[in-house]
Amino acid sequence: MAQQVRLAGGKRPGTKRELPQAAYKLMIVVATIIWGISFVVMKDAVGVLEPSWLIGIRFVLTAAILGIVFAKRLRASWGPDLIKGGIILGLLLFGAYWTQTVGLKFTTPGKNAFLTAVYCVIVPFLFWAVAKRRPTIFNVSAAVLCIVGVGLVSLSGDDLALGFGDGMTLVCSVLFAAHIVATAVLAKRADIMALTVIQFAVSGAVGCALGALTEPLPNTAAITPDFLFNMAYLVILASCVALGFQNAAVAKVPPSQAAILLSLESVFGVGASVLLYGEQLTGALVLGFALILGAVILSEAFPLKRPPKEIDEAITEDAAAID
């Protein structure tokens with residue numbers, strides 16, 4: 001769920017009541033704690049539902065809840081731009097979550113959380129191609145740190161082979177990065193929360209359709225109270241509540257600070273995996289995690305140097321070119 005920060009970057013209706021900066025930062029931290037724990041929750045849920053069904057059911061329910069909450073904004077924004085943008089974002093989001101969920105079946109929640117965070121380093125390079133924002137030396141340094149960290153985390157055994165689950169998680173990080181860049185462009189053309197509802201609906205529909213075609217039907221006998229609790233956590237807390245906190249906070253907290261705080265998702269993911277899943281930390285894993293986290297912080301703490309007005313103009317030009 002870290003990959004939604006750029007969704008929250010869109011303009012939202014102004015709120016007259018202002019909270020202290022510390023309150024907005026606390027909201028981001030709470031969201032990252034929710035998302036960090038969700039890696040363990042998903043590990044349990046994917047043992048009951050196959051990946052496509054899990055994503056499909058989760059996002060259909062999320063779209064239904066958010067559709068009710070943002071019904072007025074949906075009606076006001078309905079049109080070709082909203083539908084086309086929602087489909088593009090929905091397909092990217094489904095691909096990211098599907099590869100992440102498949103990867104989670106073959107690796108630990110902690111490794112899945114940290115390797116997903118690689119998207120923070122990938123984004124500046126993808127955005128270079130879209131908005132012509134050249135990466136700085138800090139971005140290049142972050143990429144090197146990240147590659148070394150990924151090697152320490154993912155390469156295991158005598159043959160130093162990249163595990164299948166680790167590889168799928170890295171693919172998911174690329175798709176999350178592509179989703180963030182696409183959102184930065186498409187949010188200029190449609191209401192961001194309306195786009196969010198449509199993308200969840202598309203992701204959910206694709207998940208259910210793919211599940212029906214390629215996976216066995218969900219086993220109703222496995223639907224236990226624990227499973228229902230996990231799904232409620234993923235839908236209500238990890239999707240609706242955390243996203244709401246993020247939307248309210250990111251507009252008020254400086255972007256570099258918000259990004260660093262959001263990167264704590266992977267830290268809480270490993271912490272939850274150690275405490276709740278029983279994952280063992282080795283020296284190589286700790287060092288790898290530290291390097292990846294350092295890469296994320298370095299990449300976001302020293303952003304690309306270009307005036308915000310020029311960045312917005314570049315994004316707007318790319319949005320106009322989509323037609």
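## Helix packing and confidence in a predicted model

Leu291 sits in helix α13 (residues 283-301); helices (H or I, at least four residues) are DSSP runs, numbered from the N terminus. This is a predicted model, in which local features need pLDDT of at least 70 and side-chain atom pairs count only at pLDDT 80 or more, while totals for chains, interfaces and linings use all residues. Residues are numbered from 1 along each chain as its sequence is written, and side-chain values use heavy atoms, with hydrogens and water left out.

Which residues does Leu291 touch, leaving aside its neighbours within four places in sequence? They are Leu145, Val148, Gly149 and Leu152, where contact means heavy atoms within 4.5 Å. Leu152 lies 139 residues from Leu291 along the chain, and their C-alpha atoms are 9.1 Å apart.

Now to another pair of helices. The axes (lines fitted to C-alpha atoms over the stretch in contact, with angles from 0 to 180 degrees between N-to-C directions) of α4 (residues 80-106) and α8 (residues 164-186) come within 7 Å and cross at roughly 160°. The two helices are therefore roughly antiparallel, a label for angles over 145 degrees.

How far can you trust the coordinates? The protein chain has a mean pLDDT (the predictor's confidence in each residue, from 0 to 100) of 75, and 74% of its residues reach 70 or more.

| Stretch | pLDDT | Contacts in the model |
|---|---|---|
| Residues 1-16 | under 50 | 45 contacts beyond four places in sequence |
| Residues 314-323 | below 50 | 19 contacts beyond near neighbours in sequence |

Where pLDDT is low, the predicted coordinates should not be read in detail.

Note on methods
Angles under 35 degrees count as roughly parallel, over 145 as roughly antiparallel, 65 to 115 as roughly perpendicular and the rest as oblique.
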